[in-house]
Amino acid sequence: MTEHFDIVLRQGHLLDGDGHPVDLGIRDGVITAIAPRLEATAEHDLDIQGCLISPPFVESHIHLDSALTAGEPRWNQSGTLFEGIQIWGERKRSLTLDSVKQRALEALKLQASHGVQYVRTHADVSEPSLTALKALLDVRETVQDWMTVQVIAFPQDGIYSNVQNEALLEEALKLGADGVGGIPHYELTREDGVRSVHRIFALAQQYDRLIDIHCDEIDDPQSRFLEVVAACALRQAIGHRVTASHTTAFASYDNAYAVKLMGLLRRSRINFIANPLINLTLQGRADSYPKRRGITRVKELWQQGLNVSLGHDCIQDPWYSLGNGNLLDVAHMAIHACHMTGQAEILACYDMVTRNGLQTLGLLPETAQRGSLLCQGQPANLLVLEAPTAFDVIKNRAVVMVSIYGGRLLLRRKPRALYWSLPSPETHGTSDENDKSLGNLSDP
Ligand code: FE2
């Protein structure tokens with residue numbers, strides 16, 4: 001019997017499939033059939049010819065309010081985190097609702113073009129008008145048909161560095177931020193840092209929000225707020241709703257302390273986000289040689305079974321003038337910086353920009369906790385990538401050929417083609433770089 005679908009993908013390789021190509025049918029926003037061959041008609045019937053079918057990319061840590069402002073009002077010449085914060089302090093005085101919205105939308109489109117369908121953005125709530133927060137809350141609604149956005153209220157200058165900041169943070173939650181953030185290592189004193197973590201947990205409980213703290217984003221081995229965050233999460237039994245972002249100081253802790261800390265982290269079950277592009281470029285700036293990498297213990301956290309995701313953090317802003325929103329660049333960098341070059345480790349880094357990100361955002365469906373995101377009954381949010389396996393996707397930085405969000409076709413791209421002019425029979429007229437099994441994406 002011939003079934004009708006909204007979309008059918010023909011002969012693709014599922015990320016966690018058995019290596020044989022399958023047809024995948026989508027109806028009413030849900031994956032409704034997967035079989036070696038589907039007798040079916042569809043609004044969009046796409047022969048994807050051996051390409052990978054993957055869950056979407058998840059950007060678990062980005063600052064959309066500062067995105068695309070690099071060089072305004074000046075470039076970060078020292079390359080340090082603290083000069084970046086100073087420049088942003090100058091730039092944010094001239095923010096307007098429209099300008100933040102326009103840049104955030106532009107950045108989100110860039111991310112969507114690279115297969116990102118979920119974004120957690122931080123919004124600086126250290127300025128009295130709360131312009132960045134209001135703009136990003138508005139953008140969250142504007143893009144809901146093609147992107148899921150979470151907004152974290154982020155007190156960039158600290159909660160206790162200025163008398164008004166604590167109230168601004170709470171006001172942000174009243175206005176509808178999805179989560180509460182912090183920056184304890186940037187508070188004026190160690191005591192203020194600890195107090196800020198306790199305040200964050202109290203606010204999260206009062207307003208029933210997620211927590212995502214910029215935690216120990218510094219090379220200082222004495223910056224030890226991660227233990228405070230983990231202890232609070234453990235005592236309240238809310239580790240799955242808590243994220244420690246960056247934790248770069250963890251890379252500088254001596255092993256005696258790190259081993260003790262790892263035991264607490266295992267018990268707390270909090271989430272971690274590393275941002276390798278930014279951590280590598282902002283940290284280690286005070287070192288001569290040997291120079292630290294400034295990236296948290298991704299491999300060890302992963303080996304302990306803790307949830308680690310990877311973020312871009314910055315796209316063309318005062319902290320990082322590069323970046324285009326492609327999470328494959330982030331995963332690729334993590335593989336190198338974290339010594340994750342084993343086959344299982346490379347695939348783990350792919351998970352860190354897909355399903356682990358969903359878990360960090362608290363959006364991994366209950367039914368996929370122990371299973372695949374690509375099976376019957378799961379929401380039809382998925383990608384087709386121009387390579388047959390996740391390993392090849394990372395190796396080639398494969399492009400997104402198709403993005404399907406909520407069961408609707410969001411974008412399609414024509415295959416990249418390379419035509420040699422050399423008179424060699426092996427190269428003349430062949431297409432693409434690495435895999436001759438991939439043909440043209442056709443829509444009969
Ligand atoms: Fe950040």
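Here, buried means under 20% relative accessible area, exposed over 50%, and partly exposed in between (1.4 Å probe, protein chains only). Welcome to a predicted model, in which local features need pLDDT of at least 70, side-chain atom pairs count only at pLDDT 80 or more, and totals for chains, interfaces and linings use all residues. Residues are numbered from 1 along each chain as its sequence is written, and side-chain values use heavy atoms, with hydrogens and water left out. The chain is divided into domain 1 (3-55 + 373-412) and domain 2 (57-366), with bounds that come from an automatic or database domain assignment.

**Where the two domains meet**

- The C-alpha centres of domain 1 and domain 2 lie 31 Å apart.
- In contact terms (heavy atoms within 4.5 Å), 23 residues of domain 1 meet 26 residues of domain 2.
- The size of an interface is often given as the accessible area lost when the parts come together.
- Between them, domain 1 and domain 2 bury about 1,900 Å², with 66% of it on carbon and sulfur atoms; buried area is the accessible area (1.4 Å probe) that two parts lose on being put together, summed over both.
- On the domain 1 side, Ile 394, Arg 397 and Tyr 405 lose the most area to domain 2, together 35% of what that side buries.
- Seven residue pairs are in polar contact between domain 1 and domain 2 (both at pLDDT 80 or more). A polar contact is a pair of N or O atoms within 3.5 Å; within protein, one must be able to donate a hydrogen and the other to accept it, and residues adjacent in sequence count only if both atoms are side-chain atoms.
- The elements giving two or more residues to the side of domain 1 that touches domain 2 are β5 (52-54), β14 (382-385), α13 (390-396), β15 (400-405) and β16 (408-412). Helices (H or I, at least four residues) and strands (E, at least two) are DSSP runs, numbered from the N terminus.
- That side of domain 1 divides into 17 nonpolar, four polar and two charged residues. Ala, Val, Leu, Ile, Met, Phe, Trp, Tyr, Cys and Pro count as nonpolar, Asp, Glu, Lys and Arg as charged, and the others, Gly among them, as polar.

**Salt bridges**

- The rule asks for a side-chain nitrogen of Lys or Arg within 4 Å of a carboxyl oxygen of Asp or Glu, and by this rule the count comes to 21 salt bridges.
- One salt bridge is found across the interface of domain 1 and domain 2.
- Arg 397 pairs with Asp 329 in a salt bridge, their closest N and O atoms being 3.7 Å apart. Arg 397 is partly exposed because its relative accessibility is 27%, and Asp 329 is partly exposed too, at 30%.
- Lys 299 and Glu 345 join their side chains in a salt bridge (3.4 Å, N to O). This pair links distant parts of the chain, with Lys 299 in helix α9 and Glu 345 in helix α11, 46 residues apart. Both Lys 299 and Glu 345 are buried.
- Asp 287 and Arg 292 also meet through their side chains, at 2.8 Å from N to O. Asp 287 is buried at 15% relative accessibility, whereas Arg 292 is partly exposed at 35%.
- A network of salt bridges links Arg 10, Asp 23 and Asp 45.

- Helix α4 (residues 165-175) has Asn 165, Leu 168, Leu 169, Glu 170, Ala 172 and Leu 173 as its buried residues. Their cover includes α3 (131-142), β8 (148-154), β9 (179-180) and α5 (190-207).
- Helix α10 (residues 327-337) buries Leu 327, Leu 328, Val 330, Ala 331, Ala 334, Ile 335 and Ala 337. Among the elements covering them are β6 (57-62), β7 (116-124), α8, β13, α11 (343-352) and α13.
- His 339 follows α10 and has a positive phi, near 55°.

- Asn 279 belongs to helix α8 (residues 276-282) and counts as buried because its relative accessibility is 0%. Not counting residues up to four places away in sequence, Asn 279 touches His 246, Thr 248, Ala 274, Arg 293, Gly 294 and Ile 295.
- Leu 306 sits in the loop between α9 (298-303) and β13 (308-310) and is buried, with a relative accessible area of 4%. Beyond its neighbours within four places in sequence, the contacts of Leu 306 include Met 262, Leu 265, Arg 266 and Phe 272.
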